[in-house]
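This briefing sets out, by topic, what can be read from the model shown here. It begins with the chain as a whole and then turns to individual sites.

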Amino acid sequence: MLELNKSGTDRTEPGRLPAQGTRPDTRPADGSPDRAAAPAAERVPLGPYLIAGAILCGLYFLYSYLQYARFGSPSWDLGIFEQEVRAYADFRAPVVDIKGPGYLILGDHFSPIVALLAPLYWLWPSAESLLFAQAAFFALGAVIVGRTTQQLLGGRSGLCATVAYGLSWGIQEAVKSDFHEIAFAVPLLALVCRALLLKRYTAALLWSLPLVLVKEDLGATVAVVGFLLFVYGRRLQGALLAAFGVVAFVVTLVVLIPAASSAGTYDYWQKIDKNGEQDVSMLDSVLGALNSAVKIEMLVFLIGITAFMALRSPLTLLIIPTLGWRLLSQDSNHWGMVWHYSAILMPVLFLAMADGVRRSRASDRPWLSSYAKVALPVAAAVAVAMTQHLPLRDLLRPHTYSAVGDARSEAARAAMRAIPVGARVETDITLMAHLTSDRTVYWIGGAPGTAPDIVAINLDFGWSRPIQDPVAYAQQLHPEARYRLKHRGGSFVVMERTTPEPAEIPGVRKG
């Protein structure tokens, strides 16, 4: 079970010798390496982990690129984030028209750290640059997790941890989900956990501070880092960091996001207090935190991928804030093992596993110390076995590559060529992220009164009711304008406005 004792190991009873095969623990307070072991730890080479990271980065980006190239984005998020980064790159406020004409994205999620991608976007103005950045961040997490594990445990433990983390379902599902801001949190949390395990407490504090700029809920995670510092004996640092995390969390949700939101509130409270149109009390949300087999399955697999050794480490406390809001949410998308929500838990859990193995090796329970010797290979084997049911398995399938040039993809490219650069386009998810780099893009049905220049739709998108007459559908969306068919190929239809552009366009300021 999770332990917070200062030694980080099981103590023998007074007058009792350690179990056979163990040795007295000579490490300092919290189970971290002693000074004699530090020089050996520092000699762990970085090169092999950089090579492993480069391979993982290549795999992640290849999957993302192929999904993008075959017009397979699973949601509108990639288009949203490209509009945000494009705005920062142009030194404009982060307006994301996909969410609504003139919509300031900081009123939705507070993620100003995304602005750091602007220099990359200057060099590579495409959604692909965001996919590459995310692949690099996830791979950097693998480098940190693997090398730190070897520093703690020696042998081939680092390689096993790198494989287990790199192929973990949380990372793979996040890669499949296109880009999200949490990509920044993955290496930051890995660095925080590394610093805690190596007793570099000031570094842990400093690495945790930028987390409050990644997403609004991570202030609570920063507060838990402060709690751990307090438990590890850095009481002043811990108390100050915990207070900072709580204040950042409250101020972001109560002040900053409502100030940027046109509605003047934080919309995602409704994910907890509403189930459809039905109000849900906080007590009911808490009592229903484990009311679904999907939630329980997710929790089992979170700990199971670490061979359950993460339960032996206090670092596991860092996953509680993220798990908390997910389990309280009424949105079933937050409960399970798909989408990107579990990616930030992966570096924490796998470094907690390393810490748990270290603590268990010195246990006076023979079964536990014996299991600790094989836990890392078990975790690596679990990751490899699970991959046959996870996204990266598609890289072994010929169809993954042939679909890039199939009839559907060629029809989508032809539709894009029919849309002028600089046009205002209303479209669905299929073409969205391919248009955001050099057009103004709206979500289909989400831009009333704008009379966009182009309405482009994929008839096979999965509409609730089939669209029989695309031109009539466009004019239904925008009765203030008239449209005609400009291009049709395969399931893709492009319609252009034939009436003059409105003098006033919602969300657009005339120069």
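Two residues are in contact when heavy atoms lie within 4.5 Å. On that basis, 71% of the contacts in the protein chain between residues at least 6 apart in sequence join residues at least 24 apart. The model is predicted, and its secondary structure comprises 21 helices and 7 strands.

**Overall dimensions and surface**

- The radius of gyration of the protein chain is 25 Å, which agrees with the value near 24 Å that a compact globule of 511 residues would have.
- The C-alpha trace spans about 90 × 50 × 45 Å along its principal axes.
- Of the 511 residues in the protein chain, 56% are buried.
- Carbon and sulfur atoms account for 63% of an accessible surface of about 22,000 Å².

**Annotated transmembrane regions**

- An unreviewed UniProt entry gives the annotation "transmembrane region" to several segments, including residues 46-66, 130-146, 182-198, 204-232 and 335-354.
- In the model, the segment 204-232 is 66% helix and 0% strand, with its end C-alpha atoms 12 Å apart.
- The segment 335-354 is 50% helix and 0% strand, and its end C-alpha atoms are 26 Å apart.

- Most residues other than glycine have a negative phi.
- Lys-199, which is not a glycine, has a positive phi of about 60°.
- Lys-199 lies in the loop between α8 (185-197) and α9 (201-208), and with a relative accessible area of 33% this residue is partly exposed.
- Trp-339 also has a positive phi, near 65°.
- The position of Trp-339 is in the loop between α15 (320-328) and α16 (345-361), where a relative accessibility of 26% makes Trp-339 partly exposed.

- The buried residues of α15 are Pro-321, Thr-322, Leu-323, Arg-326, Leu-327 and Leu-328.
- These buried residues pack against α10 (218-231), α12 (270-273), α13 (282-287), α14 (293-304) and α16.
- Ser-342 is in the loop between α15 and α16, and Ser-342 counts as buried because its relative accessibility is 2%.
- Beyond its neighbours within four places in sequence, Ser-342 is in contact with Trp-169, Gly-170, Leu-302, Arg-326 and Gly-336.
- One of these partners, Arg-326, is itself among the buried residues of α15.

**Ala-380 in helix α17**

- Ala-380 belongs to helix α17 (residues 366-386).
- At 11% relative accessibility, Ala-380 is buried, so this residue falls under the 20% cut-off.
- Apart from its neighbours within four places in sequence, Ala-380 contacts Cys-160, Val-163 and Ala-164.
- Ala-380 and Leu-351 are 29 residues apart along the chain, and their C-alpha atoms are separated by 14 Å.

- Ala-423 is located in the loop between α19 (407-417) and β3 (424-427).
- A relative accessible area of 7% classes Ala-423 as buried.
- Not counting residues up to four places away in sequence, Ala-423 touches Arg-439, Thr-440, Asp-453 and Ile-454.
- The C-alpha atoms of Ala-423 and Val-455 are 10 Å apart in space, whereas the two residues are 32 apart in sequence.

**Arg-484 in strand β6**

- Arg-484 lies in strand β6 (residues 483-489).
- Arg-484 has a relative accessible area of 43% and is therefore partly exposed, a class that runs between 20% and 50%.
- Arg-484 and Met-495 are 11 residues apart in sequence, with a C-alpha to C-alpha distance of 5.4 Å.
- Leaving aside neighbours within four places in sequence, the contacts of Arg-484 are Val-471, Val-494, Met-495, Glu-496 and Thr-498.

Key
Residues are numbered from 1 along each chain as its sequence is written. This is a predicted model: local features need pLDDT of at least 70, side-chain atom pairs count only at pLDDT 80 or more; totals for chains, interfaces and linings use all residues. Side-chain values use heavy atoms; hydrogens and water are left out. Helices (H or I, at least four residues) and strands (E, at least two) are DSSP runs, numbered from the N terminus. The radius of gyration is taken over C-alpha atoms; the globule rule is 2.2 Å times the number of residues to the power 0.38. Buried means under 20% relative accessible area, exposed over 50%, partly exposed in between (1.4 Å probe, protein chains only). Accessible areas come from the Shrake-Rupley method with a 1.4 Å probe; for residues, only the protein chains shown count as cover. UniProt positions are given in the numbering used here, feature names are shortened, and annotations may be inferred rather than shown by experiment.
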